[in-house]
Amino acid sequence: MIVCMNMRLTLHILHLFLGGSLLLPVAQGALNAGALRDALKQSPQHIYKLEQDLDELRKIKNGDKLNRELISDLRKEISHGKAEVAKARTSALSHLKKVEQSRNINAQDDKGRTLLMLVAATGIDTATRLVMRENPRLNIADKDNRVAYDYERSGGGNAITEFLKQEWNMAAPAMDCERMEELLDCGADPNWQVVATEVETTTAVQEAPVVLALLAQNQNAFELLMTYGASVETRSQDGQKLVELIVARRNNQAFITALEKGCKTDIIFQDGRPIFEHLLAPGAEQCLNTWLQKAEDTPDMASNLCRIVRRGTLRAVQLVFSTRKDTLDSEDSQGNMPLHEAARRGDTAVYQALLQAGASPAATNMREETALMHAALSGSADMLATVLRNIAPETLQAKDETGHTAIHYARLAQDGAAEAALKAAGLTPQPKD
């Protein structure tokens with residue numbers, strides 16, 4: 001099976017088949033109880049490994065204090081492990097009788113435990129596989145909301161984990177949401193990577209399913225994985241962070257979800273630039289607006305708003321400031337407002353967009369400067385004419401905190417045409433100018 005994720009990457013799924021199905025009806029009365037009882041007499045693999053480690057330590061002849069302590073600790077761990085296995089084995093054998101009588105592999109005891117749970121708790125994979133052959137339901141939860149996979153993890157086994165990973169490696173690359181949800185309910189980890197082959201290079205790679213969902217633009221799969229705990233810190237095989245992939249694809253819904261799940265708003269991208277700069281790119285306006293809503297309490301937010309005016313698209317300015325009118329009078333670290341920034345840049349379209357959003361042409365910054373003064377510095381006759389058309393007479397005559405009018409700023413810019421235009425509009429030079 002081949003899944004096309006985008007023009008760059010086409011993946012072959014490496015199928016791994018395991019007999020049986022996860023949630024099919026149970027075969028009645030087919031459990032080999034005798035074989036299961038024999039299997040439960042075995043020692044779990046993790047206990048066996050601990051005993052091997054103990055034997056190796058015993059062979060060391062120096063007998064120093066550290067070695068003696070290690071031997072003592074291992075003995076205690078083995079003793080505790082065997083006691084837990086014995087307890088689980090007793091419960092499993094007791095419940096096995098009830099299963100034989102009821103002929104129901106999914107029968108639960110008074111604590112809601114199934115035979116599979118109790119056998120998995122022993123950590124004996126041979127026994128677990130014998131029960132799994134009868135297709136028990138792995139998504140049944142006990143009264144503590146634990147499934148069989150949880151029992152296996154505490155018991156140290158690997159049979160259920162192996163099965164889930166094999167099934168996951170087929171369902172996740174195919175973006176089979178129904179099957180993925182079944183597996184997730186049974187304990188599959190949404191962060192388990194899946195094995196795939198890049199067709200163009202025939203190179204085997206491992207990729208996180210949430211990354212594949214983004215590459216495939218499968219929003220349903222992405223939301224499912226995030227709901228079940230896919231990490232917002234996930235990176236693709238080429239090192240890109242999850243949020244980089246999201247922003248690159250202008251996927252605002254995925255961006256909202258990632259931020260809700262704890263994605264940081266001050267991430268530095270792979271190219272060394274902060275997320276904010278990438279959000280100023282054309283087409284990323286919705287993601288930018290989402291980011292501003294989540295990051296609005298950061299100390300440099302006012303500076304970022306002016307950077308939207310300085311570096312963003314007209315669409316970004318219209319979207320952000322029309323929906324967040326409270327930011328129109330925000331001052332950055334230099335004391336400038338978005339309207340001042342647009343006037344100084346000579347961007348008439350952005351200046352008019354800010355006016356339409358509700359910015360006041362008479363607004364002054366912390367130095368009592370008006371947008372007209374900044375327009376006089378811009379070197380743009382169109383910008384100055386635009387500002388002059390939108391101001392009242394009192395704003396034309398306004399002075400900054402040092403008593404200078406806009407004519408002073410035109411002279412600073414050595415712009416004789418701007419000075420002449422201001423005089424023609426009715427502004428009389430002051431002694432300080």
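Which helix gives the largest share of the lining of the largest pocket? In this predicted model, that share, seven residues, comes from helix 3. The briefing below covers the pocket, the aromatic pairs and the nonpolar core.

**Largest pocket**
- The largest pocket has a volume of about 280 Å³, and its lining is made up of 16 residues, among which Glu84, Lys87, Ala88, Ala121 and Ser154 lie nearest its centre.
- Two or more lining residues are given by helix 3 (65-102) and by helix 6 (148-155).
- Sorted by class, the lining of the largest pocket has seven polar, five nonpolar and four charged residues.

**Aromatic pairs**
- The structure holds two aromatic pairs; in one of them, the ring centres of Tyr149 and Trp192 are 6.1 Å apart and the ring planes stand at 90 degrees, so this pair is edge-to-face.
- Tyr149 belongs to helix 6, while Trp192, 43 residues apart from it, sits in the loop between helix 8 (177-185) and strand 3 (194-198).
- Tyr149 is buried at a relative accessible area of 9%, and Trp192 also counts as buried, at 12% relative accessibility.
- Phe276 and Trp291 form a tilted pair, with 5.2 Å from centre to centre and 50 degrees between the planes.
- Because Phe276 lies in helix 13 (residues 275-279) and Trp291 in helix 14 (residues 285-295), this pair ties together parts that are 15 residues apart in sequence.
- Phe276 counts as buried at 3% relative accessibility, as does Trp291 at 4%.

**Nonpolar core**
- The largest nonpolar core has 112 residues, of which Leu36, Trp168, Phe255, Ile308, Phe321 and Leu354 touch the most other members.
- Leaving aside residues up to four places away in sequence, Phe321 touches Leu305, Ile308, Val309, Thr327, Leu328, Pro338, Leu354 and Ala357.

Definitions and conventions:
Residues numbered from 1 in each chain as written. Predicted model: local features only at pLDDT ≥ 70, side-chain atom pairs only at ≥ 80, totals over all residues. Heavy atoms only, no water. Core = buried A, V, L, I, M, F, W, Y, C linked by side-chain atoms within 4.5 Å. Buried < 20%, exposed > 50% of the residue type's maximum accessible area, 1.4 Å probe, protein only. Contact = heavy atoms within 4.5 Å. 1 Å grid on protein atoms, 1.4 Å probe; cavity = no way out; pocket = protein on both sides within 12 Å on 5 of 7 lines; lining within 4 Å. Points joined across faces, edges and corners; volume = space filled by probe spheres on them. Helix = DSSP H or I, 4+ residues; strand = E, 2+ residues; numbered from the N terminus. Nonpolar A, V, L, I, M, F, W, Y, C, P; charged D, E, K, R; others polar. Phe/Tyr/Trp six-rings, centres within 6.5 Å; stacked < 30°, edge-to-face > 60°.
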